[in-house]
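Here is the note you asked for on the helix packing. Please read it with the structure open.

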Amino acid sequence: MPGQPVPPGYAGFPPPVAPPKKNTGKIVLAVVGGLVGLCCIGAVATLGHDDATKNTAAAATAATTTAATKQPTTEPAAGVATKAATETTTKAAVQATTKAAKKLTVSQENAVEKAADYLDYTAFSRSGLIKQLKYEGFSTKDATVGVDAQKADWKEQAAKKAKEYLDYSSFSRSGLIKQLEYEGFTAAQASYGVSKVGL
């Protein structure tokens, strides 16, 4: 990590070079468009129509919900697939609503994007990636939000980093574990990573 000495006997990597910028304009435009669409739908829904329309919609929803819950337990495979698809769609809608409720600041959104770019470029430990984002100028809070949003498997990141080191230099098992721990991986993550590459 930048500004930290490499322990004697271990090959040090230079600080990661910023990965090439991705064309995120389309992604940002799609996200903003989706949020605007959701806001418009919400606004139209809250403006309200006459009571008859509301009652009709509520009755239709109640009828659909009642019909869906009263399906026999020995439904055919197609019914199971339809029910599973409905549950998946519902879960996706809940997750989208939850994400919309957890509005990120612009800096946090940038940290999320930068963390994703770094993980696309090379392997990191959680703490190492937070330090790298802080080195880039993000606050500790924003860097942590950016890293945690990646939902990375840190054991797999340790395995990738172990492979990177072995592609670059030779290590003993214990030496590579120590190097991974120095990079910020836990002892368990480092051991997993080293075992995964065959040491």
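Predicted model: local features only at pLDDT ≥ 70, side-chain atom pairs only at ≥ 80, totals over all residues.

1. Helix α4 against helix α5. The axes of α4 (residues 106-121) and α5 (residues 126-135) approach within 11 Å and cross at roughly 120°. Angles of 65 to 115 degrees count as roughly perpendicular and those over 145 as roughly antiparallel, so α4 and α5 are oblique to each other. Their crossing is right-handed. On the α4 side the contact uses Ala111, Lys114, Ala115, Tyr118 and Leu119, and on the α5 side Leu129, Gln132 and Leu133. Sorted by class, these are six nonpolar residues, one polar and one charged.

2. Helix α4 against helix α6. Here the axes come within 7 Å, with a crossing angle of roughly 50°. That angle makes α4 oblique to α6. The crossing of α4 and α6 is also right-handed. From α4 the contact takes Ser107, Gln108, Ala111, Val112 and Ala115; from α6 it takes Lys141, Asp142, Ala143, Val145, Gly146 and Val147. The classes are six nonpolar, three polar and two charged.

3. Helix α8. Its buried residues are Gly175, Leu176, Ile177, Gln179 and Leu180. These residues pack against α7 and α9. After α8 comes glycine 184, with a positive phi near 110°.

4. Helix α9. Which residues of α9 (residues 187-196) are buried? They are Gln189, Ala190, Gly193 and Val194. Because they span an arc of only 130° around the axis, they lie on the same side of α9. An α-helix has 3.6 residues a turn, so residues three or four places apart point the same way. The cover over the buried residues of α9 includes α7 (154-168) and α8 (173-182). Glycine 198 follows α9, and its phi is positive as well, near 100°.

5. Lysine 151. This residue sits in the loop between α6 (140-148) and α7. Is lysine 151 buried or exposed? Its relative accessibility is 73%, and the cut-off for exposed is over 50%, so lysine 151 counts as exposed.

Terms used:
Residues numbered from 1 in each chain as written. Heavy atoms only, no water. Axes fitted to C-alpha atoms, helices over the stretch in contact; angles between N-to-C directions. Helix = DSSP H or I, 4+ residues; strand = E, 2+ residues; numbered from the N terminus. Parallel < 35°, antiparallel > 145°, perpendicular 65-115°, else oblique. Left-handed = near helix turned anticlockwise from the far one by under 90°. Contact = heavy atoms within 4.5 Å. Nonpolar A, V, L, I, M, F, W, Y, C, P; charged D, E, K, R; others polar. Buried < 20%, exposed > 50% of the residue type's maximum accessible area, 1.4 Å probe, protein only. Arc of directions from axis to C-beta.
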